[in-house]
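Here's a quick walk through a single-chain model, heading by heading. Have the viewer open and follow along.

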Amino acid sequence: MAVTILLTLCEGVEAGIISGVTLSIALFLYRTSRPHSALVGRVPGTEHFRNTTRHDVETVNTVALLRIDESLYFANARYLEDTVYNLVASQPELEHVVLICSAVNLIDASALESLDAINARLKDSDVKLHLSEVKGPVMDQLKKSDFLDALTGRVFLSTYAAWREFS
């Protein structure tokens, strides 16, 4: 904001507006390019899931429940791939990875390509990819692509449904 004010005072309104818009877009891309994600487990005796590093939760060694806390698009698609690959590499006993999509409000073509790549690579490692809590507009995008046909796992209505299936 200070840059915008200074440029407006020194160079004029047009330069101030251009710098403000440019900085806003750059900050947005930076903040969303590394979305928060959390490995989650079930709070004992409930249908609720929380971050394994912050809560005392139940987990299963063969299942990774990964919550993604951002919409998926070109700026963070590669980061999602790296996150999933690092997770699988650190837990060789995994048989299932469930991406919890409750915070994913939109998905673009780059992210769909990344999901395809993740699915294919996990398949080569004998790990099934599943999705849970996919919102309607995101599911519409998935249905328009061939991703659901190639998906090695399932799409679950809730994370708890996936938990019951694999625990």
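This is a predicted model: local features need pLDDT of at least 70, side-chain atom pairs count only at pLDDT 80 or more; totals for chains, interfaces and linings use all residues.

What is the phi of Asp126 like? It's near 60 degrees, a positive value in a residue other than glycine. Asp126 counts as exposed because its relative accessibility is 65%, and exposed means over 50%. Asp126 and Thr152 are 26 residues apart in sequence, with their C-alpha atoms 9.6 Å apart in space.

Glu133 is another non-glycine with a positive phi, about 55 degrees. Glu133 sits in the loop between S5 and helix H5 (136-144). At 29% relative accessibility, Glu133 counts as partly exposed.

## Salt bridges

How many salt bridges does the structure hold? There are four. As background, side chains of opposite charge can pair when their charged atoms come close.

Take Arg42 and Glu58: they form a salt bridge whose closest N and O atoms are 2.8 Å apart. This pair ties together distant parts of the chain, with Arg42 in strand S1 (residues 37-42) and Glu58, 16 residues apart from it, in the loop between strand S2 (49-51) and strand S3 (63-68). Is Arg42 buried or exposed? Arg42 counts as buried, since its relative accessibility is 14% and the cut-off for buried is under 20%. Glu58 has a relative accessible area of 29%, so it is partly exposed.

Next up are Glu81 and Arg78, whose side chains meet in a salt bridge at 3.2 Å, N to O. Both residues lie in helix H3 (residues 77-90), three residues apart, which is about one turn of the helix. Glu81 is buried, with a relative accessible area of 7%, whereas Arg78 counts as exposed at 54% relative accessibility.

Then there's the salt bridge between the side chains of Glu165 and Arg154, at 3.2 Å from N to O. This one also links distant parts of the chain: Glu165 is in helix H7 (residues 159-166), and Arg154 is in the loop between helix H6 (147-150) and strand S6 (155-156), eleven residues apart. Glu165 is partly exposed, with a relative accessible area of 46%. Arg154 is partly exposed as well, with a relative accessible area of 42%.

Which residues make the nonpolar surface patch? Val13, Ile17, Val21 and Ile25 do, and the patch comes to about 370 Å². Ile25 belongs to helix H2 (residues 13-32). With 48% relative accessibility, Ile25 counts as partly exposed.

## The cavity inside

Run a cavity search and you get one cavity of 30 Å³ or more. The largest cavity has a volume of about 50 Å³.

What lines the largest cavity? Its lining consists of Leu72, Cys101, Val104, Ile107, Leu115, Leu131, Val138 and Leu142. By class, that's eight nonpolar residues, with no polar and no charged ones.

Terms used. Residues are numbered from 1 along each chain as its sequence is written. Side-chain values use heavy atoms; hydrogens and water are left out. Patches are made of residues with over 30% relative accessible area and no salt bridge: like charges are joined within 9 Å, nonpolar side chains (Val, Leu, Ile, Met, Phe, Trp, Tyr) within 5 Å. Accessible areas come from the Shrake-Rupley method with a 1.4 Å probe; for residues, only the protein chains shown count as cover. Helices (H or I, at least four residues) and strands (E, at least two) are DSSP runs, numbered from the N terminus. Buried means under 20% relative accessible area, exposed over 50%, partly exposed in between (1.4 Å probe, protein chains only). On a 1 Å grid over the protein atoms alone, a cavity is a set of points where a 1.4 Å probe fits but cannot get out, and a pocket is an open set with protein on both sides within 12 Å along at least five of seven lines; lining residues have an atom within 4 Å of a point. Grid points are joined across faces, edges and corners, and a volume is the space filled by probe spheres set on the points. Ala, Val, Leu, Ile, Met, Phe, Trp, Tyr, Cys and Pro count as nonpolar, Asp, Glu, Lys and Arg as charged, and the others, Gly among them, as polar.
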